[in-house]
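Let's take a friendly walk through this structure, starting with the ligand site and then turning to one residue elsewhere in the chain.

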Amino acid sequence: MDKFAIQGGVPLRGEIPTGGAKNSALPALAACLLSEEPVTLRRIPNVRDIATMEKLLRSLGAKVDIRGGAVRVDARKLTSSEAPYELVKTMRASSLVLGPLAARMGRARVSLPGGCAIGARPINLHLSGLEQLGAVIRQEHGYIEAEAPGGLHGAYYTFDRITVTGTEDLMMAAVLAQGETVLENAAREPEVTDLAALLTKMGAKIEGAGTSTIRIQGVGRLSGAEHTIIADRIEAGTFLIAGAITGGELTVTGCVPEHLMALILKLRQAGAEVTEVGTNCLRVSAGGLKAVDVTTEEYPGFATDLQAQYMALMTQAEGISLVTETIFENRFMHALELMRMGANIRLDGRRAIVAGPSRLTGAAVIASDLRASASLVLAALVASGETVIDRVYHIDRGYEKIEDKLARVGAQIRRLK
Ligand code: EPU
């Protein structure tokens, strides 16, 4: 298993590029199953979760050609409607094929994802939504089976709580359903809006994506399309925090500042300077940070996917900050590892109380999930001495060549094979 060895203490300086959003690329790939014509997606990040989704599409019978950052999916002939446990267990987002398969084939059999390092993460809302659209859902042998032999029909559905992939799954099911579907309390994340943009190019009729009410008029078939995935706001946010935590001056290029407003606000309150320089670029510099509380929320609130990285930043800020996680029930694994590096953090249910600044020292630590690993990388960049992070396959799931990108702006980071 690969590890990262990081020698801390170097302020990062220069330009660091943002890739395409993993969490936009995943539903976009699943959406390709809805059409008999080829769909070309550009700016697909080369990360492990994407490779898993491509493998899943191939196992369903789709042809997937990868050329550079573009992926062409030809799902003319689908030979299976089953997402097997072997793939789903490595990536929960595999459940994104449920809606498209039920809509296109009238049948889907998808393994139930098991436990997860950050919380229970059930998919009950995807399932009750599909039931509203006319699917009959059964659970057997660890699999969910959705059947809609006569096709899906439009429905009015209100999500009990906001779910990002749940909204995406139902949107994909509804575009081929007969009649109108209204999704209330829908997720407003930019990734949902990006998926709607792709589906619209394919001929779907969708209104209100990006708001909490999405209206979809079902159509008989979808065509092929070309689409470029939006910038990864979580990767860009991680780099902004990297610039701030190391007291350097970093320009994050190719990002969408509008998608990062909640983080930018917190960084500015903490004393960092964040400025828009040119189109799609943000420059960050910092010194003498102060503690600022944060509570994770659905978009446009502060993203749970940046909570771990922000906590690493707060270990270097003067004062006491409260970090409250409201989306997932167990997303503080990184706190325990940060403490091993010298951070002063107390956990109290869904709150972490961080007292700073702490002098972090390099240590052997273990990555427990994708964003937790990013937080450990950030802490290691300011720790004195060497930090060795084990199980970096977690970071490879969602960050493309993070060690190369960070090394180019001065980080002393090596991958140990
Ligand atoms: N939930 C339910 N029932 C459901 C669905 C969700 O109770 O049927 C709960 C979840 O357990 C959680 C909350 O609702 O407590 C929100 O979960 P959501 O469904 O929004 O999460 P997700 O769609 O599974 C996506 C991202 C995550 C990100 C969350 C929250 C993708 C592929 N994944 O997950 O990204 O943390 O939204 O923004 O889009 C990551 O990239 O590291 C990552 C975990």
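The model is predicted, so local features need pLDDT of at least 70 and side-chain atom pairs pLDDT 80 or more, while totals for chains, interfaces and linings use all residues. Residues are numbered from 1 along each chain as its sequence is written, and side-chain values use heavy atoms, leaving out hydrogens and water.

Of the 22 residues around the ligand, the nearest are Asn 124, Thr 163, Thr 165, Asp 305 and Ile 327. Helices α1 (22-31), α5 (124-132), α6 (164-174) and α12 (370-382) each give the shell at least two residues; helices here are DSSP runs (H or I, at least four residues), and strands are E runs of at least two, numbered from the N terminus.

| Residue | Part | Distance |
|---|---|---|
| Arg 121 | side chain | 3.0 Å |
| Leu 125 | backbone | 2.7 Å |
| Arg 161 | side chain | 3.2 Å |

Taken alone, the ligand exposes 830 Å², of which the protein buries 89% (Shrake-Rupley method, 1.4 Å probe).

Now to Val 175, in the loop between α6 and β11 (180-184). Val 175 counts as buried because its relative accessibility is 1%, under the 20% limit (1.4 Å probe, protein chains only). Its C-alpha atom is 4.6 Å from that of Gly 218, 43 residues away along the chain.

Terms used. Near = heavy atom within 4 Å. Polar contact = N/O pair within 3.5 Å; in protein donor to acceptor, adjacent residues only side chain to side chain. Buried < 20%, exposed > 50% of the residue type's maximum accessible area, 1.4 Å probe, protein only.
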